Amino acid sequence: MTDAIRIAPGKSLRDTDVLVLGGGPAATWAAVSAAEAGASVILSDKGWLGTSGATAPSNTGTWCVPPGDDRSQVVDRRWARTAGVADRRWMARTVDQSYRGLLRLADWGYPFPRDENGNVYIANLRGPDYMRFMRARVLAAKVTVLDHHPALELWSDGTSVTGASGLIRPEGQDWTIRARAVVLATGGCAFFERTSGAAGLTGDGLLMAAEAGAALSGMEFTGKYTLAPYGSSVNKGLPFRWASFYHADGRPLLNSKGEHMTNGIGGGSEGELARALIAGPVYARLDQCEPALQDWLRRGQPNVMQPYDRQGIDPFRDIFRVELKPEGTVRGIGGLRVATDDCGTDVPGLYVAGDAASREDVAGGLSGGGAINSSWAIASGYWAGRGAAAHARRGPARSRFRSQSAPLGQAGLRPRSDAAVDVTSVIAAVREEMAPLHKNFVRSEVTLKARLSRLDALWEKVQSGLAADGPARLRAREAAAALSAARFSLTAARTRTESRGMHRRSDFPAEAPGPVRRYPLTGPDEIGPAPEAVAQHEVAS
Ligand SMILES: Cc1cc2nc3c(=O)[nH]c(=O)nc-3n(C[C@H](O)[C@H](O)[C@H](O)COP(=O)(O)OP(=O)(O)OC[C@H]3O[C@@H](n4cnc5c(N)ncnc54)[C@H](O)[C@@H]3O)c2cc1C
């Protein structure tokens, strides 16, 4: 197996057919599929491919449905849980392509577990070994891997995206890669919430693509929060399926029906828990978890137990304080609009995969965490890689894309004046407006307007004066990207004047009657409806 390389300082310009930005599952599937389609491929990750992103520290269940007559029924049943936003055709093709991907993993020798009868169980992927395995597959496919090479901006020749530039960490030197097609697989935006795997997920790809003219969609569906032990970064919801909830003094916490609240990840408990947590501290005990299950939890996901072990808490016996962690678009839904079946965006030469894409087509207005997102990462990665490779084959001669291209990055990279802006104040403002439960779980026009006007004013300052040198350029660009994603989210939330899925409005508490709409937006400066023909796209269902 060849190993990853680094671009030597002073030799930072390279050419490739397909450039994949990102290092999670979507990026790895895209890189392998582009290489298998005959393209030369470079993969450039902000972190270290195999350990970065939301999957690497997690255990991801997939939407694993074998072929057969009842597949369409499974899709129909799941569609009924998408708040009417998803598209059955996309759901069906995602189920199909991701199932093929799971079978390929088995063929490649990924060590899926077996049951007592020796049957291979392929529905679940253990993040750390899945991503280590995918790193090896990427390298075996002769993809050039650039670890710790975050992208900062895209390049364009005025028609197509033609490459990207970024930083070599930790030195802070530049790299530029000219590519005939680019796949954005930079994950979601966690708005600087430090949950496992999400610290580097700041929506960089969304800003880069918006600067190139791509539309974002589903950005109102960012009201997703998951339970975690208070003060911990481990936001894995599964143990809370067996939780009961309490006040600090040990009295049972009651729901609106006067019953003791149990099960923190199902049965519509999220809203009740959010209300209780806005009112005051909430405690939990995993007292519905049988001893056999306790053992299974410990063995299946060792890091789930770490926060308790570190604090000397026995979560099955003691009560412990909990919080709801905001997840932005990581377990939320919004991202770049997918415009073509091979995951092309609205911009020629730019493809998207995984959480960087809007998952409205497959998960609708509800979270895709738990099954859909990981299957989408496999399927969209495969399609985007193929699409990018095909675009590269059709693309212009290298001489043309070399001579005519220019970089597109603005906010956080190329300030318009000398008025300095402190990056930490930008990050703080984004967190203050996007993280708190009382602001973002349930929204209203009055609060949305106030939040958005603060962030719009900040955006003007960022455009004018946010800049940094050397390695600090990454933080500046991340701050600009998360601020941009927040503005898209709040604008979309104001536009959807109804409650639907993860988008809850106190002033419009019900779903609007009539056809379900989507609200794609372009920006990043003036954020407004995407072009007429697609702006009020009715969902095919
Ligand atoms: C705790 C947790 C549990 C989950 N469990 C499930 C589950 O059971 N089932 C399920 O379906 N989904 C689950 N999910 C969601 C799932 O993990 C994601 O949908 C999946 O990781 C998305 O893959 P991705 O490759 O798009 O993004 P990620 O895995 O997040 O990877 C994004 C990559 O982009 C890189 N990157 C970011 N910015 C840049 C840049 N500027 N330049 C270059 N690279 C960049 C990052 O370093 C990272 O490698 C879970 C998520 C969490 C947080």
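**Notebook: loops, ligand shell and fold**

I looked up Cys 343 and found it in the loop between strand E14 (335-336) and strand E15 (350-352). Helices (H or I, at least four residues) and strands (E, at least two) are DSSP runs, numbered from the N terminus. The model is predicted: local features need pLDDT of at least 70, side-chain atom pairs count only at pLDDT 80 or more, and totals for chains, interfaces and linings use all residues. Residues are numbered from 1 along each chain as its sequence is written.

**Entry 1. Positive phi**

I noted a phi near 65° for Cys 343, a positive value in a residue other than glycine. The cut-offs are 20 or more other C-beta atoms within 10 Å for buried, 12 or fewer for exposed, and partly exposed in between, with C-beta atoms placed from the backbone.

Lys 142 also has a positive phi, of about 65°, although it is not a glycine. I located Lys 142 in the loop between helix H4 (127-140) and strand E5 (144-146). With 10 other C-beta atoms within 10 Å, Lys 142 is exposed.

**Entry 2. Cis peptide bonds**

I recorded a cis peptide bond from Arg 169 to Pro 170, with omega near -5°. Pro 170 lies in the loop between strand E7 (161-168) and strand E8 (173-184). The bond from Gly 523 to Pro 524 is likewise cis, with omega near 0°. I placed Pro 524 in the loop between strand E17 (521-522) and strand E18 (528-529).

**Entry 3. Ligand shell**

I counted 44 residues around the ligand, the closest being Gly 24, Gly 53, Gly 187, Gly 354 and Asn 373. A residue is near the molecule if its C-beta atom, placed from the backbone, lies within 6 Å of it. By class, the shell has 15 nonpolar, 23 polar and 6 charged residues. Here Ala, Val, Leu, Ile, Met, Phe, Trp, Tyr, Cys and Pro count as nonpolar, Asp, Glu, Lys and Arg as charged, and the others, Gly among them, as polar.

Which elements supply at least two residues of the shell each? They are helix H1 (25-36), strand E3 (59-61) and helix H10 (372-394). H10 gives the most, with 4 residues.

Of its 23 residues, 20 are buried, so H10 is largely enclosed by the rest of the structure.

**Entry 4. The whole chain**

I found 16 helices and 18 strands in the chain. The radius of gyration is 22 Å, close to the 24 Å that the globule rule gives for 541 residues, so the chain is as compact as a globular protein of that length. That radius is taken over C-alpha atoms, and the rule is 2.2 Å times the number of residues to the power 0.38. The C-alpha atoms fill a box of roughly 70 × 60 × 50 Å along the principal axes. Buried residues make up 52% of the 541.

**Entry 5. Confidence**

I read an average pLDDT of 92 for the chain, with 94% of the residues scoring at least 70; pLDDT is the predictor's confidence in each residue, from 0 to 100. Over residues 1-10 pLDDT stays under 50, and over residues 533-541 it also stays under 50. Where pLDDT is low, the predicted coordinates should not be read in detail.

Note on methods. Two residues are in contact if their C-beta atoms, placed from the backbone, lie within 7 Å.
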